[in-house]
Amino acid sequence: MFTAKKLNYDVTALQPYMSEETLRFHHGKHYQTYIDNLNRLIAGAKYEDMSLEEIIKQTAFSIDDVSVFNNAAQVFNHEFFFEHMAPQGKRRPDAALLKKIEAAFGSYENFEKEFKSAALAQFGSGWAWLVEDDKGGLQIIKTANADNPIARGLKPLMTIDVWEHAYYLDYQNRRGDFADAFLAHLINW
Ligand code: MN
């Protein structure tokens with residue numbers, strides 16, 4: 001049985017870059033629905049006592065448990081996304097990670113550019129991620145719908161939700177403006 005995690009900040013705290021209305025719908029309705037659906041789907045099933053990550057790994061790319069995967073992954077994705085925003089967030093990573101980002105992408109500014117490009121290039125609903133592979137290498141990837149790095153054996157380090165529900169009330173079709181605001185004013189490393 002999973003319960004929704006509370007936000008680490010007030011629903012008004014990310015304004016004007018993310019409105020109270022967006023957060024109320026996104027956290028209170030969309031995320032809550034994934035939690036409720038997941039609990040309903042795993043009740044009495046073999047997944048009932050597993051951790052979220054275990055459920056995601058076990059159901060990734062399965063044909064029979066697509067709904068379990070979709071809801072479990074969306075619970076994970078949203079918790080990771082909400083945690084990685086803050087009104088007075090850490091706008092730059094720690095020195096060790098910053099060094100790795102600079103080595104992988106040339107500079108932090110270039111990382112921002114490539115992360116935004118991935119967010120824009122995701123066709124339809126999905127996510128852009130900074131991930132670490134099992135050899136410690138960094139990559140920027142995009143995933144569709146609920147798909148996420150855990151399903152692919154990658155470790156997520158940062159994400160942006162580019163489903164329209166994440167930004168449409170505030171930015172309408174301007175996903176790029178949302179990505180810019182996220183990187184400059186919302187990101188919390
Ligand atoms: Mn979302």
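A: What follows describes the contact between the domains and then some details of the chain around it. This is a predicted model, in which local features need pLDDT of at least 70 and side-chain atom pairs count only at pLDDT 80 or more, while totals for chains, interfaces and linings use all residues. Residues are numbered from 1 along each chain as its sequence is written, and side-chain values use heavy atoms, with hydrogens and water left out.

The domain assignment of the chain, whose bounds come from an automatic or database source, gives domain 1 (20-83) and domain 2 (95-186). The centres of the two domains, taken over C-alpha atoms, are 20 Å apart. Domain 1 brings 20 residues to the contact and domain 2 brings 22 residues, where contact means heavy atoms within 4.5 Å.

The size of an interface is often given as the accessible area lost when the parts come together. Here domain 1 and domain 2 bury about 1,700 Å² between them, with 70% of it on carbon and sulfur atoms; buried area is the accessible area (1.4 Å probe) that two parts lose on being put together, summed over both. On the side of domain 1, the residues that lose the most area to domain 2 are Thr 22, Phe 80 and Phe 81, which together account for 34% of what that side buries.

Between the domains there are zero salt bridges (a side-chain nitrogen of Lys or Arg within 4 Å of a carboxyl oxygen of Asp or Glu), whereas eight residue pairs, both residues at pLDDT 80 or more, are in polar contact (a pair of N or O atoms within 3.5 Å, one able to donate a hydrogen and the other to accept it, residues adjacent in sequence counting only if both atoms are side-chain atoms). Helix H1 (20-42), helix H2 (52-59) and helix H3 (66-83) each supply at least two residues of the side of domain 1 that touches domain 2, helices being DSSP runs (H or I, at least four residues) numbered from the N terminus. H3 gives the most to this side, with nine residues.

Aromatic pairs, counted if ring centres of Phe, Tyr or Trp (its six-membered ring) lie within 6.5 Å, number 15. In one of them, the rings of Phe 81 and Phe 182 have centres 6.0 Å apart and planes at 15 degrees, so the pair is stacked, the word for planes under 30 degrees apart. Phe 81 in helix H3 and Phe 182 in helix H7 (residues 175-186) are 101 residues apart, and the pair thus links distant parts of the chain.

Helix H1 also holds Glu 20 and Arg 24, four residues apart and separated by about one helical turn. These residues form a salt bridge, with the closest N and O atoms 2.8 Å apart.

How values were computed. Phe/Tyr/Trp six-rings, centres within 6.5 Å; stacked < 30°, edge-to-face > 60°.
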